[in-house]
Amino acid sequence: MVGFGGTVLKIGIVGVGMVGSSAAYAMALQGIAQELVLVDYNKELAAAQAEDISHAVPFVSTTVVRAGDYADLAGAGVVIIAAGVSQKPGESRLDLLSRNAEVFRIVVSRILDVAPDVILLIASNPVDIMTDIATRISGLPPSRVIGSGTILDTARFRSLLARHLAISPQSVHGYVLGEHGDSEVLAWSCACVGSVPLMSFAKQIGKPLTDAVRAEIDDGVRRAAARIIGGKGSTYYGIGAGLARIAKAIARDQRDILSVSSVTEDIAGVSKVAASVPRVIGAGGIMMDLIPELNVEESASLHHSAAMLKALAASVPL
């Protein structure tokens, strides 16, 4: 359901474990939608999450948060899918593929039965493959099936760069591309701070990005999820905020540039693959794909990442 000025009035979330509930909490605090509907196969969990989150709302917004069933998603402008089995310690995101594909066959069809004009926002891992699967199952245009992709990896990249440079992360403009996972590509060559190229800025302020510093930041981005999962079992606050950020761009028609995953005509020479590049996000979903200018090494790494994702997605019969 969309109100005046393109504002989304209702957002649904299917799967309200730690990721789905964190997204709901972040959206409720920001008042992104008029109504949030939480759906889960465990109805008691959905009801408890909705009640708990609704108790935070009076402090900050007027969003109505309630539990429901698939029928209650009718009229939703956006539905976040965070359903599926969770990632185990030491398990790669790609190992989740076969277990989560079957869940999506059921979930996507039930959503579209009541909300055929919806924008699907995919959070379940492995998110790039699940975005491809959701696109094929739904028959929706790729612009309306958006995976959270590398939005969180990009936030980690900017955060670690900002920490090294002693500036605000909001002033760092850099992206992580390709897979949300082991083959992701940190796009160092096109990153900048304000209007100044990253490496030049770092040198100007006396905080050069040496090979050792870059390796430490790369490790901090690439292994963040493994460290968090090892310490507390799963990640959810960061991705919850990332999902809220994407939903806000859609709900407010902000036309923000965010690194998200979607089936794309061409990424680094690989056709029709779901992987992350910066994209303009507004009320209709993805409005434009932006392909950064990379150096030779980064371009080769992005090609490798995209080719791996395409081969894996193609191996899943639907």
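1. How many aromatic pairs does a search of the whole structure find? It finds two. The model is a predicted one.

2. Phenylalanine 157 belongs to helix H5, and tryptophan 188 to the loop between strand S9 (185–186) and strand S10 (192–193), so the contact ties together parts 31 residues apart in sequence. Both phenylalanine 157 and tryptophan 188 are buried.

3. Tyrosine 236 and tyrosine 237 also pair. Their ring centres are 4.8 Å apart and their planes lie at 70°, so this pair is edge-to-face. Tyrosine 236 has 12% relative accessibility and counts as buried. Tyrosine 237 is exposed, at 59%.

4. Two arginines sit over rings. The charged end of arginine 214 is over the ring of tryptophan 188, 4.7 Å from its centre. Arginine 158 lies over the face of tyrosine 175, at 4.8 Å from the ring centre.

5. Arginine 158 also features in the second largest pocket, as one of the residues nearest its centre, along with Ile151, Ala155, Gln170 and Arg245. This pocket holds about 500 Å³ of space. Its lining has 19 residues: nine nonpolar, seven polar and three charged. Helix H5 (151–165) gives the most, with six residues. Helix H9 (237–251) and strand S12 (256–267) each supply at least two.

6. Strands S13 (residues 270–282) and S14 (residues 285–289) run antiparallel and are joined by four bridges. A hairpin of two residues connects S13 to S14. Isoleucine 281 has isoleucine 286 as its bridge partner in S14.

Terms used. Residues numbered from 1 in each chain as written. Predicted model: local features only at pLDDT ≥ 70, side-chain atom pairs only at ≥ 80, totals over all residues. Heavy atoms only, no water. Pairing = 2+ DSSP bridges. 1 Å grid on protein atoms, 1.4 Å probe; cavity = no way out; pocket = protein on both sides within 12 Å on 5 of 7 lines; lining within 4 Å. Points joined across faces, edges and corners; volume = space filled by probe spheres on them. Nonpolar A, V, L, I, M, F, W, Y, C, P; charged D, E, K, R; others polar. Phe/Tyr/Trp six-rings, centres within 6.5 Å; stacked < 30°, edge-to-face > 60°. Buried < 20%, exposed > 50% of the residue type's maximum accessible area, 1.4 Å probe, protein only. Lys NZ or Arg CZ within 6 Å of the ring centre and 35° of its normal.
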